[in-house]
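Subject: Structure handover

Hello,

Here is the structure I said I would pass on. My notes on it follow below.

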Amino acid sequence: MSNGVVLHLRAESKPLEHRSALTPTTASALLNAGYDVRVERSEQRIFDDSEFEMVDAALVPEGSWTEAPADHIIIGLKELPEDDFPLKHTHVQFAHCYKNQGGWEDVLSRFPKGKGTLLDLEFLQDESGRRVAAFGYHAGFAGAALGVEVWAWQYAHPGEEFRGVKPYPNEDALISHIKSVVTESSAKIGRSPRVLVIGALGRCGKGAVDLALKVGIPAGNVLQWDMAETAKGGPFVEIVESDIFINCIYLSQPIPPFIDTESLENPNRKLSVVVDVSCDTTNPHNPVPIYSINTTFDKPTVPVPVNGGPPLSVISIDHLPTLLPREASEAFSNDLLPSLLSLKDRESTRVWQEAEKLFHSKVATLPSS
């Protein structure tokens, strides 16, 4: 029996984004709970349209969310394409605007203009303040994999830009490839890379550490830092003395930078790869202020000018988990499912109440037009 709530899964428009907020498994659970689930067709999503058809989800044209009735709830992952038409729906997605990222006013102002609402996935929290669903683990896992591969590439192909990468069909394929890269490169260089992970106690940091260990980097070469180790304030010489630095922290207030252009002048610098998993490029609190652009899967690295020492590249891809789109989507969507099942009672459900309250609070800070 239908509960009268229509959930519309929009096709992701970000290039090379293969993840999905709903999977055939979670769509089936929602259908069984009485939700009307509409799924936009998509050629880039890791799940084929036929997989959704098999669980009896209704397939609708790609991009049709704009014409859907105003009471349909639009579900997605990444930000909407840049545009200025008012938004009339309730949108469940990552909007990347609550931390004053570049262009946040333009994004957020579209909602009050159309009487729509944003329920930002980044700020859906349980009673303890922990996010109900996050891609952090797979972001750290994928970021570490790319970091190790770029480190090996720098030694094998000096002076050459790292080539583009494509998503892996599954985790086993990724581990097998990166493990072979580590084994071959470590044998040629005579040592394994030293990896420093900041934020190692969180989901993201745990993913980065797990990847490093699974591909054969000795535990002694994987430095796991968190709040205790960073309490004294940066910059930290231990970062520049490592080969690979992976930033996994979630930052909401200013702190001294972990590294800066001055610390890169250290004559003992070994650092050649920075993976900024947090990827807050436009955040005024960015603790890795040595670069200014996001990178992409077709151009994964951006060089950082340095005087002497090894070349230095930054990986700053803001949708790293799509390197493992199937596993990442399944894990995230399963974690999100209990909250989605409560959407029919969202006005009295704490997680949605708090998300809407935050939305209205942020809208109130918009500059007067």
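Buried area here is the accessible area, with a 1.4 Å probe, that two parts lose on being put together, summed over both. By that definition, domain 1 and domain 2 bury about 1800 Å² between them, and 59% of this lies on carbon and sulfur atoms. Please keep in mind that the model is predicted.

Domains

Domain 1 consists of two segments, 6-122 and 324-364, while domain 2 covers 135-323. Their centres, taken over C-alpha atoms, are 30 Å apart. Across the boundary, 21 residues of domain 1 are in contact with 22 residues of domain 2.

Annotated binding site

An unreviewed UniProt entry lists these residues under "binding site": Arg130, Gly202, Arg203, Asp226, Thr230, Tyr250, Val277, Ile317, Asp318, His319 and Leu320. They are spread over 191 residues of sequence and also spread in space, with up to 25.9 Å between C-alpha atoms. I looked at two of them.

Threonine 230 belongs to helix α7, residues 227-230. Is threonine 230 buried or exposed? Its relative accessible area is 18%, so threonine 230 counts as buried, the cut-off being under 20%. The side chain of threonine 230 reaches back to the backbone oxygen of aspartate 226, at 3.2 Å; aspartate 226 is also on the UniProt list. Beyond four places in sequence, threonine 230 touches Ile198, Trp225, Phe236 and Phe258.

Leucine 320 sits in the loop that runs between β12 (312-315) and α9 (325-340). Leucine 320 has a relative accessibility of 2% and is therefore buried. Leaving out neighbours within four places in sequence, the contacts of leucine 320 are Ala139, Ala142, Gly143, Leu146, Val277 and Phe297.

Cysteines

How many disulfides does the structure hold? The count is zero. Cysteine 97 is in no disulfide, and the nearest cysteine sulfur, in cysteine 279, is 16 Å away. Cysteine 97 is buried, because its relative accessibility is 1%.

Cysteine 204 is buried, with a relative accessible area of 11%.

Glutamate 40 is in strand β2, residues 36-40. With a relative accessibility of 0%, glutamate 40 counts as buried. Its side chain reaches the backbone nitrogen of serine 64 at 3.3 Å. Serine 64 is also one of the contacts of glutamate 40 outside four places in sequence, which include His8, Leu9, Arg10, Ala11, Arg45, Asp49 and Trp65. Between glutamate 40 and leucine 271 there are 44 Å from C-alpha to C-alpha, at a separation of 231 residues in sequence.

Serine 329 is part of helix α9. Serine 329 is likewise buried, at 0% relative accessibility. The side chain of serine 329 comes to 3.0 Å from the backbone nitrogen of serine 20.

Regards

Note on methods. Residues are numbered from 1 along each chain as its sequence is written. This is a predicted model: local features need pLDDT of at least 70, side-chain atom pairs count only at pLDDT 80 or more; totals for chains, interfaces and linings use all residues. Side-chain values use heavy atoms; hydrogens and water are left out. UniProt positions are given in the numbering used here, feature names are shortened, and annotations may be inferred rather than shown by experiment. Helices (H or I, at least four residues) and strands (E, at least two) are DSSP runs, numbered from the N terminus. Buried means under 20% relative accessible area, exposed over 50%, partly exposed in between (1.4 Å probe, protein chains only). Contact means heavy atoms within 4.5 Å. A polar contact is a pair of N or O atoms within 3.5 Å; within protein, one must be able to donate a hydrogen and the other to accept it, and residues adjacent in sequence count only if both atoms are side-chain atoms. A disulfide is a pair of cysteine sulfur atoms within 2.5 Å. Domain bounds come from an automatic or database domain assignment.
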